[in-house]
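Which charged side chains pair up in this chain, and where do the partners sit? The text below takes the pairs one at a time.

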Amino acid sequence: MNEMLRRICRRNFCTCSPRPWLFVGLGNPGDKYRGTRHNAGFEMLDAFANSQGIHMETVHCKAMFGKGFVNGIPVLLAKPLTYMNLSGESIGPLAAYYKLPLNRVVVFHDDMDLPCGVLRLHPKGGHNRHNGLKSVIYHFRGNGEFPRLRIGLSKV
C-alpha cells in the first residue's frame, strides 16, 4: 500500500503541498453487500486503512471517514454511506469541504473489464459505464480529472 501511495505521488502530482490526499472506496453500505463485487473499493480502502493504522469511525459528508498520515503525507479516507450509484453525493462535498483539487482525490472502484486481482492506476478518465464513477463525475461538475484505482474482478 505504501508503494501505491508513492506511485500516485511520484507519477502524477507534487507532494510538497500541505493539502491532504482524499482516498475514496466505492461500494454499497450494509452487511447485505459485504463481499460483493461492487464492494471491492470498500475492501481495498479498509485494507489500506488497517495497514496504516487509520481508524474510520466518524461520519462526515455522508461517509465513514478517517484521517491520518502515511510517510508524513496527510491522507483522508472515506467510504460513502450512500449507495454506489449516489457516491458523488458524498465525495463532491468532501472534496469541496477540504478545498481539494481533483488531482488529490483518488477513487478506488471495481472493474469487470480487468482480470481478477489486477490493479490499474489511471490519472483521469471517463466513467466507462460504472454508475458510481458516473455519479462522482456528475458531482465534480462533469470533470473526470481525478485519479482512480481500478480493481480487476473479471467477467468470468
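In this predicted model, Asp-46 is partly exposed, with a relative accessible area of 28%. Its side chain meets that of Lys-79 in a salt bridge, with 2.8 Å from N to O. The two residues come from distant parts of the chain: Asp-46 belongs to helix α2, Lys-79 to strand β4 (residues 73-80), and 33 residues separate them. Lys-79 has a relative accessible area of 15%. Because buried means under 20%, Lys-79 counts as buried.

Another salt bridge joins the side chains of Arg-37 and Asp-110, at 3.4 Å from N to O. Arg-37 is in the loop between β1 (21-25) and α2 (40-52), whereas Asp-110 is in strand β5 (residues 105-111), so this pair ties together parts that lie 73 residues apart in sequence. Asp-110 is buried, its relative accessible area being 2%. Arg-37 is partly exposed, at 42%.

A further pair connects two loops. The side chains of Glu-145 and Lys-124 form a salt bridge of 3.8 Å, N to O. Glu-145 sits in the loop between α4 (131-139) and β7 (148-152), and Lys-124 in the loop between β6 (119-122) and α4; the pair links distant parts of the chain, 21 residues apart. Glu-145 is partly exposed, with a relative accessible area of 42%, and Lys-124 is partly exposed too, with 47%.

How many salt bridges does the model hold by this rule? The count comes to six, among them the pairs Asp-46 with Lys-79, Arg-37 with Asp-110, and Glu-145 with Lys-124.

Note on methods:
Residues are numbered from 1 along each chain as its sequence is written. This is a predicted model: local features need pLDDT of at least 70, side-chain atom pairs count only at pLDDT 80 or more; totals for chains, interfaces and linings use all residues. Side-chain values use heavy atoms; hydrogens and water are left out. A salt bridge is a side-chain nitrogen of Lys or Arg within 4 Å of a carboxyl oxygen of Asp or Glu. Helices (H or I, at least four residues) and strands (E, at least two) are DSSP runs, numbered from the N terminus. Buried means under 20% relative accessible area, exposed over 50%, partly exposed in between (1.4 Å probe, protein chains only).
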